[in-house]
2 protein chains.
Amino acid sequence: MTILLYELVGADERRPFSPHCWKAALALAHKGLAFRTVPVRFTEIAGIENGATAKLPLIRDGDRLISDSFAIALYLEETYPDRPTLFAGEGGKAMARFVERWSQLTLHTFIGEAALMDIHDMLGPADRAYFRESREARFGRRLEEVPADREARLPAFRESLAPLRTLFRQQPFMGGERPLFADHIVAGALQWARVTSPFSFLAADDPVAEWFARCLDLYDGLCRRVPAAA
Amino acid sequence: MTILLYELVGADERRPFSPHCWKAALALAHKGLAFRTVPVRFTEIAGIENGATAKLPLIRDGDRLISDSFAIALYLEETYPDRPTLFAGEGGKAMARFVERWSQLTLHTFIGEAALMDIHDMLGPADRAYFRESREARFGRRLEEVPADREARLPAFRESLAPLRTLFRQQPFMGGERPLFADHIVAGALQWARVTSPFSFLAADDPVAEWFARCLDLYDGLCRRVPAAA
């Protein structure tokens with residue numbers, strides 16, 4: 001049975017942008033599972049599947065509902081063990097958690113602030129009001145102020161990716177010779193940046209950009225089907 | 001046959017301090033292998049095993065010589081597959097590389113500078129001359145100047161450990177329920193700090209300090225046999 005993936009969109013439902021939803025989509029594609037995406041807007045989340053979740057992604061697999069991208073990856077690994085592995089063992093599972101923590105604190109912090117107005121501008125009217133209110137409460141500033149220093153902060157952001165950069169001198173993917181869910185975790189963050197913002201987060205000749213291009217090619221170019229923000 | 005571990009010491013040969021040598025010692029202990037340590041000073045490295053290596057650790061296992069801590073861990077995993085695993089699968093192996101890159105750029109950079117004079121002061125006369133010359137060439141400054149701003153840089157260092165800190169809310173070790181070589185990689189760096197310097201790199205109530213204390217307890221307290229620098 002086709003799995004449903006509820007994923008976050010803005011005004012244009014053909015442009016899902018949430019990093020966590022991209023992680024789930026990449027995990028499903030990695031497993032070679034048929035899935036259908038259901039576009040959901042911020043202000044619609046509470047209304048899906050009888051209020052099953054406050055956050056996306058959410059998947060429905062038969063009568064099972066699973067939210068949270070990491071939980072989805074674990075579920076898929078356990079439920080479809082004969083399909084390509086997302087973790088390549090217990091060590092890979094434990095350490096993907098570290099990659100998630102690192103990605104969250106390194107990539108998400110900067111991208112979420114640098115692309116904040118770009119994300120706002122993708123949303124429809126009702127979502128814009130929700131987004132402004134919730135994000136201004138989180139940041140304690142007007143939305144417009146948050147990304148104002150993104151150019152100044154860019155060098156430090158690029159520098160913070162050094163562990164990835166030096167890793168890709170040794171192996172083509174975080175998972176080694178082939179991608180694993182750890183790759184999806186970081187690629188999901190960069191796809192979020194790519195879909196929402198025209199800002200150049202990575203220099204074109206950065207080994208991290210070259211690895212991301214390899215990720216965009218995966219699973220018949222799943223991520224490339226959504227053009228980059230212009 | 002007992003494995004030999006050549007490890008770096010200063011004037012006091014009972015205080016091995018190199019992070020990479022500690023990683024190798026922890027890996028050997030994790031595998032439950034009998035090993036004997038051979039203390040080596042900086043200026044003695046070129047003379048051991050017919051110039052087999054420019055850097056420590058080096059191990060001799062029968063007629064095999066292996067240098068580089070990661071290569072040693074891979075060798076032990078392959079050669080002693082029936083002993084407790086250091087990687088828990090291919091995913092763990094690939095991602096331990098990421099942990100190594102992260103540790104090198106985050107912990108080693110700061111500890112190596114903050115503890116620089118402390119390390120110098122542990123060495124005997126010949127090693128001090130070598131150390132001063134090589135490190136002053138590397139840093140382009142007098143040795144004494146390098147750690148001068150360590151107090152000012154400490155908050156940023158502690159902040160940079162946030163991925164570990166939030167990970168330990170989810171699991172007791174980087175390897176999950178049990179330690180893997182990824183734990184040894186980071187614990188080796190902190191043991192280097194502990195053995196060389198009285199500087200408080202971690203706050204006592206930091207979850208990273210609590211995890212490090214668990215690492216100090218491993219393998220019958222292998223790391224605790226060397227008292228902390230005072």
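Leaving aside its neighbours within four places in sequence, with which residues is B:R101 in contact?

1. **B:R101 and its partners.** With neighbours within four places in sequence left aside, B:R101 is in contact with A:P163, A:T166, A:L167 and A:Q170, where contact means heavy atoms within 4.5 Å. The residue is found in helix 3 (residues 90-114) of chain B; helices (H or I, at least four residues) and strands (E, at least two) are DSSP runs, numbered from the N terminus. B:R101 is buried, at a relative accessible area of 16%. Here buried means under 20% relative accessible area, exposed over 50%, and partly exposed in between (1.4 Å probe, protein chains only). The side chains of B:R101 and A:T166 are joined by a polar contact of 3.5 Å. A polar contact is a pair of N or O atoms within 3.5 Å; within protein, one must be able to donate a hydrogen and the other to accept it, and residues adjacent in sequence count only if both atoms are side-chain atoms.

2. **Basis of the note.** This is a predicted model, in which local features need pLDDT of at least 70 and side-chain atom pairs count only at pLDDT 80 or more, whereas totals for chains, interfaces and linings use all residues. Residues are numbered from 1 along each chain as its sequence is written, chains are lettered from A and ligands numbered from 1 in the order in which they are written, and side-chain values use heavy atoms, with hydrogens and water left out.

3. **The interface.** The contact takes 28 residues from chain B and 28 residues from chain A. About 2100 Å² is buried between chain B and chain A, and carbon and sulfur atoms give 75% of this area. Buried area is the accessible area (1.4 Å probe) that two parts lose on being put together, summed over both. B:M95, B:F98 and B:R101 supply 31% of the area that chain B buries against chain A, more than any other three residues.

4. The same surface serves both copies, as 100% of the contact residues of chain B recur in chain A.

5. **Aromatic pairs.** The whole structure holds 27 aromatic pairs over all chains. A:F70 and A:F87 form a tilted pair, with ring centres 5.8 Å apart and planes at 35 degrees. A:F70 lies in helix 2 (residues 69-79) of chain A and A:F87 in the loop between helix 2 and helix 3 (90-114) of chain A, so the pair ties together parts that are 17 residues apart in sequence. Both A:F70 and A:F87 are buried. A:F157 and A:F201 form an edge-to-face pair, at 6.2 Å centre to centre and 80 degrees between the planes. Rings of Phe, Tyr and Trp (its six-membered ring) pair if their centres lie within 6.5 Å; planes under 30 degrees apart count as stacked, over 60 as edge-to-face and the rest as tilted. A:F157 is buried at 3% relative accessibility, and A:F201 is buried with a relative accessible area of 4%.

6. **Helix 9 of chain B.** Among the buried residues of helix 9 (residues 207-221) of chain B are B:W211, B:F212 and B:Y219. The buried residues of this helix pack against helix 1 (19-30), helix 7 (162-167) and helix 8 (181-196) of chain B. At the start of helix 9 of chain B, a side-chain oxygen of B:D206 reaches to within 2.8 Å of the backbone nitrogen of B:V208.

7. **Backbone points to inspect.** Most residues other than glycine have a negative phi, and most peptide bonds are trans. A cis peptide bond joins A:L56 and A:P57, with omega about 10 degrees. The peptide bond from B:L56 to B:P57 is also cis, with omega near 10 degrees. A:D68, although not a glycine, has a positive phi of about 85 degrees, and A:D68 counts as partly exposed at 42% relative accessibility.
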